[in-house]
Amino acid sequence: MDPKTLRYAKSHEWAHLEGDICTVGLTKFAVDQLTDIIFIDLPNLEDLVAEGEGFGEIESVKAVSDLYSPITGDVVAINEKLETDPAIISGDPYDKGWLIKVKVEPGTTLDHLMTLEQYEKQIASEEH
Amino acid sequence: MALRTPLYDWHVSHGGRTVEFGGWDMPVQYGSIVEEHHVVRKAAGLFDIGHMGRLSFAGPDALALLQRIYTNNAETMKNGQVRYGLICNELGGIRDDVLVYRWPDTWSMVVNASNRDKIVNWIAQHAKGLAVNVKDETTTTCMIAVQGPQAMALCRALTDTDADRLAYYFATPAHYRGQNCIVSRTGYTGEDGIEIIASAEQGLELWEELIRRGAKPCGLGARDTLRLEAAMPLYGHELTEDLDPFQAGLSWAVKMDKGEFVGREALLRRRDDARLPRRVGLEILGRRAAREGSTVLVAGRPVGHVTSGTVTPTLNKPIAMAYMEPGHTASGTLCAVDVRGRMEEARVTPLPFYRRPKG
């Protein structure tokens, strides 16, 4: 996916909406900050995730971090490959490294999330 | 503001991510912690350990002072020998874990960065009335560790002394490019290697020469996973003022028969106290790592807590060290660890998790 077309949460998840299916992943910035990702804990199919609430964990050698959903809906797919090979997310966070797909209510938008430009401003301030 | 070693600018300009550790801005990693870890297990890693406190003791009562504050026996050390030991409070709790170095007329000590001020004050308190001159040389010197199976070969002819001839836990004065330094066959990774103490001014040229010789810079992140695999305790985690050396499994570093020392009376009582929790190793059977503070349970009842935990890069599974109540410390004991609200099965396992191959 093209990072320019994605929307971003403050907590470093990206979202891509196509019809009523929203794909959720973690940004390259976040993945690079974590380094040495060893385990990704994802929700079960049909679990309800809510905007701003935790849906899983990403663990690196150093520490564990929560994953927060940028959107509300039902989990319709999880990236099972990450459970056996978490390194996928480090190499390709915007395509092969996606986390979950969420079915959202009709009329849902990503307007509450940041554009790439806004997100880049946020990470520039985090780096200082 | 945090202190900086003479290598701080080098770390930052070479991608080192710095964190505050024990009052110092230190590099936690340059790239991948796992890669840095493997370099030390398979080749040679280079660590800036300038944050460690370096003290010197001179004067006729130097030995008497050390014997008073240190749990191990300094008197039986040979010239050039390095010995691990604890500094305890009157209740037998651990104030610090230290290395003592014996020289012909003087002594040195390396203490933890986070405890340096506390120990310097403690020593001053116990030096009253003694003819001893204690100097804190931390900021006028640097300290660099080269660790790994290739470390000794890589350091050949680095100084005017042959480090290869040093026995494990021995040190020698030497010269690096004409200036005084100390070469010590010690480390905190579970691998062979040396630690070098040189003047602060020589830090950068020594560091860069070691890189040219093939040592790869590693941060405190790898230092932590390496010491954890080797089951070496870390002050503030496995060692605190409330825990005694026997609980920590360090009875070998306490010489009760050497004479009086601070904490001895209390330690006599604590030594055989079967009610006190003890340090154990835990192997987590799932994939989620237990971290410091996680509660350990047996049959639903809390019986201990984790003091350090990670996923070991060598063994690729979660490991931890924990303090467990009596009755639950035997290897093979099955337990559960509360990892952020979810139980993970675990098993008490012998320490260390990793021992370097002989040869």
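I call a residue buried if 20 or more other C-beta atoms, placed from the backbone, lie within 10 Å of its own; 12 or fewer make it exposed, and anything in between partly exposed. Helices (H or I, at least four residues) and strands (E, at least two) are DSSP runs, numbered from the N terminus.

The model is predicted: local features need pLDDT of at least 70, side-chain atom pairs count only at pLDDT 80 or more, and totals for chains, interfaces and linings use all residues. Residues are numbered from 1 along each chain as its sequence is written, while chains are lettered from A and ligands numbered from 1 in the order in which they are written.

**Helix α2 of chain B.** I looked up α2 (residues 33-42) first. Seven of its 10 residues are buried, so the rest of the structure largely encloses the helix. They are Ile33(B), Val34(B), Glu36(B), His37(B), Val39(B), Val40(B) and Arg41(B). What do they pack against? I found β2 (24-29), β3 (45-48), β9 (141-147), β13 (216-217) and α7 (220-229) of chain B. Contact here puts C-beta atoms, placed from the backbone, within 7 Å.

**The sheet.** I then traced an open, mixed sheet of six strands in chain B, ordered β10-β11-β12-β9-β3-β13. Strands pair if DSSP finds at least two bridges between them. β10 (171-176) and β13 of chain B are the edge strands with a single partner each, so one side of each has no neighbour in the sheet. β3(B) and β13(B) run parallel over two bridges. Gly45(B) stands opposite Lys216(B) in β13(B).

**Chain contact.** I noted nine residues from chain A and 13 residues from chain B in the contact. Strand β4 (residues 37-41) gives the most on the chain A side, with three residues.

Conventions:
Two residues are in contact if their C-beta atoms, placed from the backbone, lie within 7 Å.
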